Amino acid sequence: MQQYYRMGSFDNCYDKWNDLFDCFSLKTKSLSEVQEILEAREKGKTHIWSFRTVEEASANWNDKFCHLNNEQ
């Protein structure tokens, strides 16, 4: 079986294998090298949370959910 169906799309598990080999390669490095590599990766990632001021959060909430108040 080369692919499996998950959540509406086929997945061939390449990402899982890449993660496994990446883990093995990190295990062969020194602790300081691993910390540098992981910190560099963390800085390169985009975060799922966006920080907003109270005014920005209120405006965003109203844009997305204000129509629910009108349905009542």
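Modeller: A salt bridge is counted where a side-chain nitrogen of Lys or Arg lies within 4 Å of a carboxyl oxygen of Asp or Glu. The model is predicted, so local features need pLDDT of at least 70, side-chain atom pairs count only at pLDDT 80 or more, and totals for chains, interfaces and linings use all residues. Residues are numbered from 1 along each chain as its sequence is written, and side-chain values use heavy atoms, with hydrogens and water left out.

Biologist: What makes D22 and R41 a salt bridge?

Modeller: Their side chains meet at 2.6 Å, N to O, and the rule asks for a nitrogen within 4 Å of a carboxyl oxygen, so the pair qualifies. By this rule the count comes to one salt bridge. D22 lies in helix α1 (residues 14-27) and R41 in helix α2 (residues 31-44), so the pair ties together parts 19 residues apart in sequence. Helices here are DSSP runs of H or I, at least four residues, numbered from the N terminus.

Biologist: Why is D22 called partly exposed?

Modeller: Buried means under 20% relative accessible area and exposed over 50%, with partly exposed in between (1.4 Å probe, protein chains only). D22 has 25%, so it is partly exposed. R41, at 35%, also counts as partly exposed.

Biologist: Why is the aromatic pair of W61 and F65 called tilted?

Modeller: Rings of Phe, Tyr and Trp (its six-membered ring) pair if their centres lie within 6.5 Å; planes under 30 degrees apart count as stacked, over 60 as edge-to-face and the rest as tilted. W61 and F65 are 4.5 Å centre to centre with 45° between the planes, so they form a tilted pair.

Biologist: Why does W61 count as exposed?

Modeller: Its relative accessibility is 54%, so W61 counts as exposed.

Terms used:
Helices (H or I, at least four residues) and strands (E, at least two) are DSSP runs, numbered from the N terminus.
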